[in-house]
Amino acid sequence: PFDLSTLFGNMMDNAIESVQKIEDKERRLIHLLIAKERNFVRIRLENCYEGEMIFEGNLPQTTKEEKDYHGYGLKSIHNIVNKYDGSVIIEANNGWFELRILIPIREHDFINY
């Protein structure tokens, strides 16, 4: 429960913060998909953004001025997904940020439904 709360909390906090910066309210879009496919949980989060997104390695740099105190949300997401042997892909193109997560389902990690 703690990992799930941290994972989705960071994902949604980042997406909401990004779209709040968009002046055109019609473009303040966030899409979230969570699906079970075969023996995996697939999570896909997309949100609009404005400005330039600069990547350092496979993570976007924080846009906040106090860079030493920010940028830990996506690192935390990576750590949680890696803990469960999953993968994370982050892309940004044409004003859309996309976060894709794939986590294998192990019986002791999740409640079967």
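**Entry 1: a turn residue**

Is Asn94 buried or exposed? I looked this up before anything else. The model is predicted, and I kept that in mind throughout. Asn94 has a relative accessible area of 79%. The cut-off for exposed is over 50%, so Asn94 counts as exposed. I found Asn94 in the loop between S5 and S6. Those two strands form a hairpin with 2 residues between them. I also checked the backbone of Asn94. Its phi is near 50°, a positive value in a residue other than glycine.

**Entry 2: the other hairpin**

Next I went to S1 and S2. Their hairpin also has 2 residues between the strands. Which residue there takes a positive phi? I noted Arg38, with phi near 55°. Arg38 is not a glycine. I placed Arg38 in the loop between S1 and S2. Is Arg38 buried or exposed? Its relative accessibility is 78%, so Arg38 counts as exposed.

**Entry 3: the order of elements**

I stepped back to the whole chain. How many helices and strands does the protein chain have? I wrote down 2 helices and 6 strands. Starting at the N terminus, I read the order as α-β-β-β-β-α-β-β. The chain has 113 residues, and 32% of them count as buried. The accessible surface is about 7900 Å². Carbon and sulfur atoms hold 50% of that surface. I then looked at contacts between residues at least 6 apart in sequence. Of these, 53% join residues at least 24 apart.

**Entry 4: the sheet**

In what order do the strands of the open sheet lie? I traced 4 strands, S1-S2-S6-S5, with antiparallel pairing. S1 (30–37) and S5 are the edge strands, and each pairs on one side only. On average, neighbouring strands are turned by 10° against each other, direction ignored.

I reminded myself of a general point. Strands of a sheet pair through backbone hydrogen bonds, either parallel or antiparallel.

Then I went through the pairs one by one.

- S1 and S2 are joined by 8 bridges and run antiparallel. Leu33 stands opposite Arg44 in S2.
- S2 and S6 pair over 9 bridges, in the antiparallel sense. Ile43 has Ile101 in S6 as its bridge partner.
- S5 and S6 pair over 7 bridges, again antiparallel. Ile89 stands opposite Arg100 in S6. Asn93 has Trp96 in S6 as its bridge partner.

Which strands does H1 touch? I found that H1 packs on the sheet and touches S1, S2 and S6. The direction of H1 makes about 15° with that of S2.

**Entry 5: the core**

How many residues does the largest nonpolar core have? I recorded 19. Leu7, Met11, Ile77, Val81, Leu99 and Ile101 have the most contacts inside this core. I checked which elements supply at least two residues each. They are helix H1 (2–20), strand S2 (40–48), helix H2 (72–83), strand S5 (87–93) and strand S6 (96–104).

**Entry 6: Ser18**

Ser18 lies in helix H1. Is Ser18 buried or exposed? Buried means under 20% relative accessible area. Ser18 has 16% relative accessibility, so it counts as buried. Which side chain makes a polar contact with the side chain of Ser18? I found the side chain of Asn47, at 3.3 Å. With neighbours within four places left aside, Ser18 is in contact with Asn47, Cys48 and Tyr49.

**Entry 7: Asp85**

My last stop was Asp85, in the loop between H2 and S5. Its relative accessible area is 54%, so Asp85 is exposed. Which residues does Asp85 contact, leaving aside its neighbours within four places in sequence? I listed Pro104 and Arg106. Asp85 and Pro104 are 19 residues apart along the chain, and their C-alpha atoms are separated by 6.9 Å. The side chain of Asp85 makes a polar contact with the side chain of Arg106, at 3.0 Å.

Methods: Residues are numbered from 1 along each chain as its sequence is written. This is a predicted model: local features need pLDDT of at least 70, side-chain atom pairs count only at pLDDT 80 or more; totals for chains, interfaces and linings use all residues. Side-chain values use heavy atoms; hydrogens and water are left out. A nonpolar core is a set of buried Ala, Val, Leu, Ile, Met, Phe, Trp, Tyr and Cys residues joined through side-chain atoms within 4.5 Å. Buried means under 20% relative accessible area, exposed over 50%, partly exposed in between (1.4 Å probe, protein chains only). Contact means heavy atoms within 4.5 Å. Accessible areas come from the Shrake-Rupley method with a 1.4 Å probe; for residues, only the protein chains shown count as cover. Two strands pair if DSSP finds at least two bridges between them. Axes are lines fitted to C-alpha atoms, for helices over the stretch in contact, and angles run from 0 to 180 degrees between N-to-C directions. A polar contact is a pair of N or O atoms within 3.5 Å; within protein, one must be able to donate a hydrogen and the other to accept it, and residues adjacent in sequence count only if both atoms are side-chain atoms.
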